[in-house]
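Here are my notes for a first look at this entry. Please read them with the model open beside you.

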Amino acid sequence: MLHTPAVLAAGPKPSVADQLNDYPTEARADYVFGCMATNGQSSDVLRRCSCSIDVIASILPYDKYVEAATVLSMRQTGGERMAIFSQAASAKELVANLRRAQAEADIVCF
C-alpha cells in the first residue's frame with residue numbers, strides 16, 4: 001500500500017471510540033474524586049462514580065461539559081458582572097444539558 005505525503009501528514013483518523021471518549025483522563029479522575037468526596041470512599045462508590053462520568057461522557061461532548069462547569073463555577077462567584085451566567089439563555093441551556101446528563105447517570109449508576 002502506498003502512502004502519499006498528504007495521507008501521512010494527516011495521520012490516522014480517530015476511531016469512533018476515540019471520538020466518543022473525548023474526556024481526558026484527568027477530567028474523569030477529577031469528577032470521580034469529587035463524586036467520592038460527596039458519596040463516600042468505598043470501592044462500590046468508586047465503581048458508581050466511574051460509571052457516572054462514563055454516562056455523562058456518552059451524552060455530553062467534553063467541550064460542552066467544560067462550558068457548563070465553567071458557568072456553574074462563575075455562578076458561585078456572584079456579583080453584577082457574573083449575572084450573565086445566571087440569566088443568559090445559552091448559559092441556562094448548557095447547565096440544563098449537564099443536569100440532564102447527570103440525572104441520567106444517577107439513574108443508571110446509583
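The points below cover the basis of the model, its disulfides and one aspartate.

1. Basis. This is a predicted model, in which local features need pLDDT of at least 70, side-chain atom pairs count only at pLDDT 80 or more, and totals for chains, interfaces and linings use all residues. Numbering starts from 1 along each chain as its sequence is written, and side-chain values use heavy atoms, with hydrogens and water left out.

2. Disulfide count. How many disulfides does the structure hold? There are 2. The term stands for a pair of cysteine sulfur atoms within 2.5 Å. With the bonded cysteines of the chain numbered in sequence order, the pairing reads 1-2, 3-4.

3. Cysteine 35 with cysteine 49. These two are joined by a disulfide, with an S to S distance of 2.0 Å. The angle about the S-S bond is -75°, and the link of cysteine 35 and cysteine 49 is left-handed. Cysteine 35 sits in helix H3 (residues 25–39) and cysteine 49 in helix H4 (residues 43–59), so the bond ties together parts 14 residues apart in sequence. Helices here are DSSP runs (H or I, at least four residues), numbered from the N terminus.

4. Burial of that pair. Are these cysteines buried or exposed? Cysteine 35 is buried, at a relative accessible area of 10%. Cysteine 49 is buried too, at 0%. The cut-offs are under 20% relative accessible area for buried, over 50% for exposed, and in between for partly exposed (1.4 Å probe, protein chains only).

5. Cysteine 51 with cysteine 109. The sulfur atoms of this disulfide are 2.0 Å apart. The link of cysteine 51 and cysteine 109 is left-handed, with -70° about the S-S bond. Cysteine 51 belongs to helix H4 and cysteine 109 to helix H7 (residues 89–109), so the bond ties together parts 58 residues apart in sequence. Cysteine 51 is partly exposed, with 24% relative accessible area. Cysteine 109 counts as buried, at 7% relative accessibility.

6. Aspartate 54. Helix H4 also holds aspartate 54. This residue is partly exposed, with a relative accessible area of 42%. Its side chain makes a polar contact with the side chain of arginine 28, at 2.5 Å. A polar contact is a pair of N or O atoms within 3.5 Å; within protein, one must be able to donate a hydrogen and the other to accept it, and residues adjacent in sequence count only if both atoms are side-chain atoms. Tyrosine 23 is 31 residues from aspartate 54 along the chain, and their C-alpha atoms are separated by 9.1 Å.

Methods: Helices (H or I, at least four residues) and strands (E, at least two) are DSSP runs, numbered from the N terminus.
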